[in-house]
Amino acid sequence: MEQSATLDIETLKITQEQFILASQSLHLQRPGCDAVYPVGLYGWRKRCLYFFLLLLLVTMIVNLALTVWIIKVMNFSVDGMGNLQLNQDGIRLEGISEFRSPLYVNEIQSRGDSLLLLRSEKNVTLNARNDQGHLTGQLTVGPEAVDAQCQRLEVRSTDGDRLIFTADEDEIIMTTEKFTVTGSEGAVFRHSVETPLIQARTSEDLKLESPTRTLSMEAPRGVEVSAGLGSLRISGRKDLHLESTEGEILLDANTVQLGNLPLGEYVASPAQASQEQTVYEVCVCPSGKIYLSPAERSSSCQAMSNICLWS
């Protein structure tokens, strides 16, 4: 028993010595690590991190406040923004709207109970373009004039069925029952005018005048010039021609007066002319010239025909 206990003690001592030797050998094989580094942020790095986090939080709060303020001021909603409403038909604007750049739309329409007002400091220009982008029509409302450029200009009635006015490069057509000119100088036409009736207002005169050229009135069935309550006057600087190719010229009145007719002279002796003659007869030369001759018991046109030699 004593021998076995001694062997166990010796064996334990050997084991302890081996463990100590092994531990020392392991301790010798480790690299040297004398410095100890702490893990984390300390000092000025930590303060900078907290400062940036605080700045980010302040920026987020200010951004959120500005967003809420813009939504409140602009009156954003599900339907649109303030007076601007979006729907399936298009955009609806309430009140006065200002556009600083060109506006491209298919249709501009006002409400049923209000007017559509287009206002600009310089001018208002409406352009129409084709599929290729070329300009086909333009309407410009400027401070001095209204300028329309198009192939054909049409003005229709309120229902859109009846054409009132149309103009193109060849002609201008007005289909109204009455066209009234109220200017003091009247209306000036540089070319021909086709109309069934030219009439002045009640108690006003009608004057047709061509200051530098001729005035011509033509109609396939006839031209009627009448003055119901006043006089009719036709005057010209040079010759006045009344011509009928197939019919006759009829002067039908209670009194027909031809003023400033020349007085014929005696062919044989001009001294035979009466100085106190009050009655004359009307004579006609072969050329159609009319002159006066003193009335006697017989016709004196032959004797006074010397004036026909001048015609």
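Buried, as used in these legends, means under 20% relative accessible area, and exposed means over 50%. All views show a predicted model.

View 1. Strand β10 covers residues 280-284, and its side chains alternate between two faces. Glu281 and Cys283 point to one face and are buried. Five bridges join β10 to strand β11 (residues 290-294), and the two strands run antiparallel. Within this pairing, Glu281 stands opposite Ser293 of β11. The two strands form a hairpin with five residues between them, and Gly288 in the turn has a positive phi of about 100°.

View 2. Asn260 lies in the loop between β9 (172-174) and β10. Its phi is near 60°, a positive value in a residue other than glycine. Because its relative accessibility is 84%, Asn260 counts as exposed.

View 3. Strand β7 (residues 153-156) is joined to strand β8 (residues 163-167) by four bridges, in an antiparallel arrangement. Glu154 has Thr166 of β8 as its bridge partner. Six residues lie between the strands in the hairpin of β7 and β8, where Gly160 takes a positive phi near 85°. On to β9, the hairpin from β8 passes through four residues. Three bridges join β8 to β9, which also run antiparallel.

**View 4. The open sheet β1-β2-β3.** Three strands form an open sheet in the order β1-β2-β3, with antiparallel pairing. β1 (80-81) and β3 stand at the edges with a single partner strand each, so one side of each is left without a neighbour in the sheet. Strand β2 (residues 84-86) is joined to β3 by three bridges. One of the residues involved is Leu86, whose bridge partner in β3 is Ile91.

**View 5. Lining of the second largest pocket.** The second largest pocket has a volume of about 2400 Å³. Its lining comprises 43 residues, of which Phe99, Leu103, Ile108, Leu116 and Leu118 lie nearest the centre. The elements giving two or more residues to this lining are β3 (91-93), β4 (124-129) and β5 (135-141). β4 gives the most, with six residues. By residue class, the lining divides into 18 nonpolar, 14 polar and eleven charged residues.

**View 6. Helix α2 and the residue that follows.** Helix α2 (residues 44-74) has 31 residues. From its first C-alpha to its last it reaches 44 Å, close to the 45 Å expected at 1.5 Å a residue. Just after α2, Asn75 takes a positive phi of about 60°.

**View 7. The chain as context for the close-up views.** The chain has two helices and eleven strands. From the N terminus on, the elements run α-α-β-β-β-β-β-β-β-β-β-β-β. Of the 311 residues in the chain, 7% are buried. Among contacts with a separation of 6 or more, 16% are between residues 24 or more positions apart.

Note on methods: Residues are numbered from 1 along each chain as its sequence is written. This is a predicted model: local features need pLDDT of at least 70, side-chain atom pairs count only at pLDDT 80 or more; totals for chains, interfaces and linings use all residues. Side-chain values use heavy atoms; hydrogens and water are left out. On a 1 Å grid over the protein atoms alone, a cavity is a set of points where a 1.4 Å probe fits but cannot get out, and a pocket is an open set with protein on both sides within 12 Å along at least five of seven lines; lining residues have an atom within 4 Å of a point. Grid points are joined across faces, edges and corners, and a volume is the space filled by probe spheres set on the points. Ala, Val, Leu, Ile, Met, Phe, Trp, Tyr, Cys and Pro count as nonpolar, Asp, Glu, Lys and Arg as charged, and the others, Gly among them, as polar. Two strands pair if DSSP finds at least two bridges between them. Buried means under 20% relative accessible area, exposed over 50%, partly exposed in between (1.4 Å probe, protein chains only). The expected span of a helix is 1.5 Å times one less than its number of residues. Contact means heavy atoms within 4.5 Å.
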